Amino acid sequence: MNKPTAVPQFARPAFVPKAEAEFEALRARHGDLDYIDAVVVDLCGTLRGKRLPITEAAKLFEYGLQLPHSIYLMDARGEMTNPFGRGFGDGDPDGTAWPVPETSRLVWGDRPKRAQIFLTLRDAAGEPDPAEPIAALERVIDRFRELDLRPVCALELEFYLIDRARLEGGAPQPPLDPRTGARENMASVYGVEDLDRFQAFLSALSQAAEMQEVPVCATSKEYAPGQFEANLKHQADARLAADHAVLLQQIIKAAARANRFDATFMAKPYIDRAGNGLHIHLSLVDRNGRNIFDNGSAEGTDALRHAIGGLQATMAESMALFAPNVNSYRRFQPDMFAPVNRHWGINNRSAGIRVPAGATDARRIEHRVAGADANPYLALAAVLAGVNHGLTNKLDPGAPAVGNVSRDPDTSLPFTIDDALCDLEEAKILPDYFGAETLSLYRESKRIEAQRVRRAITPIEHEWYL
């Protein structure tokens, strides 16, 4: 008879006591908590985990939480993708997930009153799961320590408020004006009156941001009915900047529900209107806190140019991370504020890699390629990998573009999910930063998701071919 397999002993990682102390400090300030949500962020950027009674919180820090490794490998609907047999094929084994420092927060919304903490899922050797997005980002950040540099990052998210009532076939429609009840139908970009009309939603968003310690520093009306953008304050901790983007999606949806709307980060919910982008602002500071992109000029330093050259070099193999599903590629259209090539520009929004105007000590890159449907950890990791590659290889990006360059598609870039996944499979640069296994699991999960989407017969197919 075979001996029973021994249950592995999972040693508590060294970072857990810090996470525990932070949680206890939070609990001391808000002692009437009922639950704690212990969550991970999957490949789609979705929060998944368990809700525990607050009386069970101590066990979370002492023993960790058993979660299946397949929890990262879900499609956008939350169904297991089973890439390379991981999930159904291997018996869906558990690992031990441990609380991450600096992630304890209250959760805004209705009762029960609860806290939330992010987890990292580890194997028996204490290593992060290869599909964990946070761990992938941290591996890329480590490469900047080798250069004695620190990324300073801020993310911006565009989103639509939509009516809870859908059109035939489930299509979205713009929300009703909270004051008049009329259907929104104007682009009204930067409209202050639009902010006034949706002030109840924006006030709820502000309250949620304060409670969950998400540094929303500005909101604006975007280029379509019901479309808005929320800006986050820059952070010297790149992982924290990505945390904020994930939390921002959570609180935007909660604030929308509280005001009888839905919110969507779908890249292209309306074919004839602007898409939703995830814009990443990035600078690099040295050990003295000096911005290495700043030389007092609008053009910036050679380091800035080299960083842009790296982003150009990695753009094709990064597209599956910036645009993760079938719908994502509808966003890349001329004159829709989404890039269709590798051009960079100074104070030029038609370029996907933009050097914004402003004070020179804040000289930075604005990367405009990713959609709001991208996983913020993976999108930021891809941007940082490109920047690091450009710096270490001193790549030349060429001259900055002048005028509208959004009508000049670069045919060497992939503009379908299938082509993007092929480019990721053949990637020469990103595997060195992410790890080959991480990219393989992501690629296979997204391939399976795309296959599942195509199994559905769309209404237009019936219209055209029936």
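**Close-up views of the predicted model**

**View 1. Surroundings of Ile 292.** Not counting residues up to four places away in sequence, Ile 292 touches Leu 149, Leu 284, Asp 286, Thr 301 and Ala 303, where contact means heavy atoms within 4.5 Å. The model is predicted, with local features needing pLDDT of at least 70 and side-chain atom pairs counting only at pLDDT 80 or more, while totals for chains, interfaces and linings use all residues. Residues are numbered from 1 along each chain as its sequence is written, and side-chain values use heavy atoms, with hydrogens and water left out. Ile 292 is placed in the loop between S11 and helix H7 (302–322); helices (H or I, at least four residues) and strands (E, at least two) are DSSP runs numbered from the N terminus. With a relative accessibility of 12%, Ile 292 counts as buried, a term that means under 20% relative accessible area, with exposed meaning over 50% and partly exposed lying in between (1.4 Å probe, protein chains only). Ile 292 and Leu 311 are 19 residues apart along the chain, and their C-alpha atoms are separated by 17 Å.

View 2. Ala 19 belongs to helix H1 (residues 16–29) and is buried, its relative accessible area being 1%. When neighbours within four places in sequence are left aside, the residues in contact with Ala 19 are Phe 61, Pro 99, Val 100, Pro 101 and Ser 104. Phe 337, by comparison, stands 318 residues from Ala 19 in sequence and 40 Å from it in space, C-alpha to C-alpha.

**View 3. The crossing of helices H5 and H6.** Helix H5 (residues 199–211) and helix H6 (residues 238–258) have axes that come within 9 Å and cross at roughly 140°, which makes H5 oblique to H6. Axes here are lines fitted to C-alpha atoms, for helices over the stretch in contact, and angles run from 0 to 180 degrees between N-to-C directions; those under 35 degrees count as roughly parallel, over 145 as roughly antiparallel, 65 to 115 as roughly perpendicular and the rest as oblique. On the H5 side the contact is made by Phe 201, Ala 204, Leu 205, Ala 208 and Ala 209, and on the H6 side by Leu 248, Ile 251, Ile 252, Ala 255 and Ala 256. By class, the contact of H5 with H6 comprises 10 nonpolar, no polar and no charged residues (Ala, Val, Leu, Ile, Met, Phe, Trp, Tyr, Cys and Pro count as nonpolar, Asp, Glu, Lys and Arg as charged, and the others, Gly among them, as polar).

**View 4. The crossing of helices H9 and H11.** The axes of helix H9 (residues 417–425) and helix H11 (residues 436–454) come within 10 Å and cross at roughly 165°, and the two helices are therefore roughly antiparallel to each other. The crossing of H9 with H11 is left-handed. Ile 417, Asp 418, Leu 421, Leu 424 and Glu 425 of H9 meet Leu 439, Tyr 442, Arg 443, Lys 446, Arg 447, Ala 450 and Arg 454 of H11, so that the contact holds 6 nonpolar, no polar and 6 charged residues.

View 5. Phe 159 and Phe 265 are both buried. Tyr 160 and Tyr 270 form an edge-to-face pair, at 5.1 Å centre to centre and 70° between the planes, which links distant parts of the chain, with Tyr 160 in strand S7 and Tyr 270, 110 residues apart from it, in the loop between S10 and S11. Tyr 160 and Tyr 270 are likewise both buried. Ring pairs also link Phe 159, Phe 198, Phe 201, Phe 228, Phe 261 and Phe 265 into a cluster.

View 6. Most residues other than glycine have a negative phi. Phe 84, in the loop between strand S3 (65–68) and strand S4 (94–99), has a positive phi near 55° and counts as exposed at 53% relative accessibility. Ser 188, in the loop between S7 and helix H4 (192–197), has a positive phi of about 50° and is partly exposed, with a relative accessible area of 29%.

How values were computed. Rings of Phe, Tyr and Trp (its six-membered ring) pair if their centres lie within 6.5 Å; planes under 30 degrees apart count as stacked, over 60 as edge-to-face and the rest as tilted. A crossing is left-handed if the near helix is turned anticlockwise from the far one by less than a right angle, and right-handed if clockwise.
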